[in-house]
Amino acid sequence: MQFGLFMMPLHPPHRAFADGYDRDVAQIVLADQLGFHEVWVGEHLTERWENAPAPDLLLAQALALTKTVRLGTGVTLLALHNPVYLAHRLAMLDHMARGRFQWGIGGGGIPTDLSLFGLDPSTVRARSSEVLDVVLKLWASDGRFSYRGKFFDIDTPALDPVKDRGYYMKPLQQPHPPIAVAASTPTSSSMRMAGERGWIPMSSSLLSRSYLAGHWGLVAAGAADAGRAAKRSEWRIARDVLVAPTSAMARERARAVLGRNYVKHQHPNRIGTPQMASTKLEPSMPDDAVTVDYLMENLWIIGDPSECSDKIQQIYEESGGFGALLTITTDSDDAGWDHESLRLLMEQVAPRVAHLG
């Protein structure tokens, strides 16, 4: 089993922006040193707690300070981007990464992000699909490229061999960097698409254990439709993880950090939404039953190394098996907690579950 970080990133509003980004980069550098396989960095423009409007900037800084860890967007919100500009920025980043870049994509977007761009929520899925189509076709094109769509009309200037001017930028990894698709609802069409196109499926940390097997079923069905076999080794499952030297210490820290994030930020934004429903072991559970205590016992991976190993084993068995666990990064007022958790995860938990995957 491999391990990675999923960095929303989460920062409390009292944290200065630069201080938060410094903490993110420090965690990525530590992840590289500890042997984490990958790090994904999220994107939002209007989410104060998840203040990463340009994840590629953070990734570019981290690239210069790391050696082997793979870095990716987690995820690029396709509908918010002009596909020509996006294709160029990502191709440039792939060259800077010398092949360590992975492209996570998503079609969603919180209402205030969409409002900022003046986007009609009913058009987001179609717009996202068109942006993805343009980027992939642009990267695959040779010579002049023309596209006529519902949202974009594009004509690239052919490369003039004398002036060396025109469209030329392609990613280093061909035909494109590895693509990952994230999903946070039980019946997400994104999982089926991942299977159909042979992309990396990522199940959100919001999804309760009871839905994980169904997520893989969607991936497998999509792969079967495309005539290919789905690989469980490609499946990533994200979880809020906090490992500490003792079980009591882990719960105390989780209540202070993950509990703070949930009570002040996540819970108010999830009430009555599909995201809240996804966290429930039973659909009949009322929203007010999804408390910090419930999450600590049923969704988060909290405890000493032995306890966390057992919880990973449980998720592995109930889901049918997966290839990588992505831990959601935290921002404690005591940054030492975050780093100790990552160290314990790799040095004491990972060896206990090395036989999985």
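User: In which helix is A224 found?
Analyst: This is a predicted model, in which local features need pLDDT of at least 70, side-chain atom pairs count only at pLDDT 80 or more, and totals for chains, interfaces and linings use all residues. Residues are numbered from 1 along each chain as its sequence is written, and side-chain values use heavy atoms, with hydrogens and water left out. Helices (H or I, at least four residues) and strands (E, at least two) are DSSP runs, numbered from the N terminus. A224 falls within residues 209-225, which form helix α7.

User: Is A224 buried or exposed?
Analyst: Buried means under 20% relative accessible area, exposed over 50%, and partly exposed in between, with a 1.4 Å probe and protein chains only. The relative accessible area of A224 is 52%, so this residue is exposed.

User: How many salt bridges are counted?
Analyst: A salt bridge requires a side-chain nitrogen of Lys or Arg within 4 Å of a carboxyl oxygen of Asp or Glu. Under this rule the count is 16.

User: Which residue forms a salt bridge with D331?
Analyst: The N to O distance of this salt bridge is 2.7 Å, and the partner of D331 is R23. The pair links distant parts of the chain, 308 residues apart, with D331 in the loop between β11 (324-328) and α12 (335-349) and the partner in helix α1. D331 is buried at 1% relative accessibility. Partly exposed, at 22% relative accessibility, is R23.

User: How many residues apart in sequence are the parts tied together by E38 and R236?
Analyst: E38 and R236 form a salt bridge, with their closest N and O atoms 2.8 Å apart. Because E38 lies in strand β2 (residues 38-41) and R236 in strand β9 (residues 236-243), the separation in sequence is 198 residues.

User: How far apart are the closest N and O atoms of D287 and K280?
Analyst: D287 is partly exposed at 23% relative accessible area, whereas K280 is buried at 6%. These two residues form a salt bridge, and the closest N and O atoms are separated by 2.6 Å.

User: Which side chain makes a polar contact with the side chain of D24?
Analyst: D24, in helix α1 (residues 17-34), is buried yet has no salt bridge, and the nearest side chain of opposite charge, R23, is 8.1 Å away. Lys and Arg count as positive and Asp and Glu as negative, while His and the chain ends are not counted. A polar contact is a pair of N or O atoms within 3.5 Å; within protein, one must be able to donate a hydrogen and the other to accept it, and residues adjacent in sequence count only if both atoms are side-chain atoms. At 2.9 Å, the side chain of D24 has such a contact with that of H11.

User: What is the omega of the peptide bond that joins M8 and P9?
Analyst: Most peptide bonds are trans. P9 lies in the loop between β1 (2-7) and α1. The bond joining M8 and P9 is cis, with an omega of about -20 degrees.

User: What is the phi of R98?
Analyst: Most residues other than glycine have a negative phi. R98 lies in the loop between α3 (83-96) and β4 (101-106) and is exposed at 74% relative accessibility. Although R98 is not a glycine, its phi is positive, at about 50 degrees.
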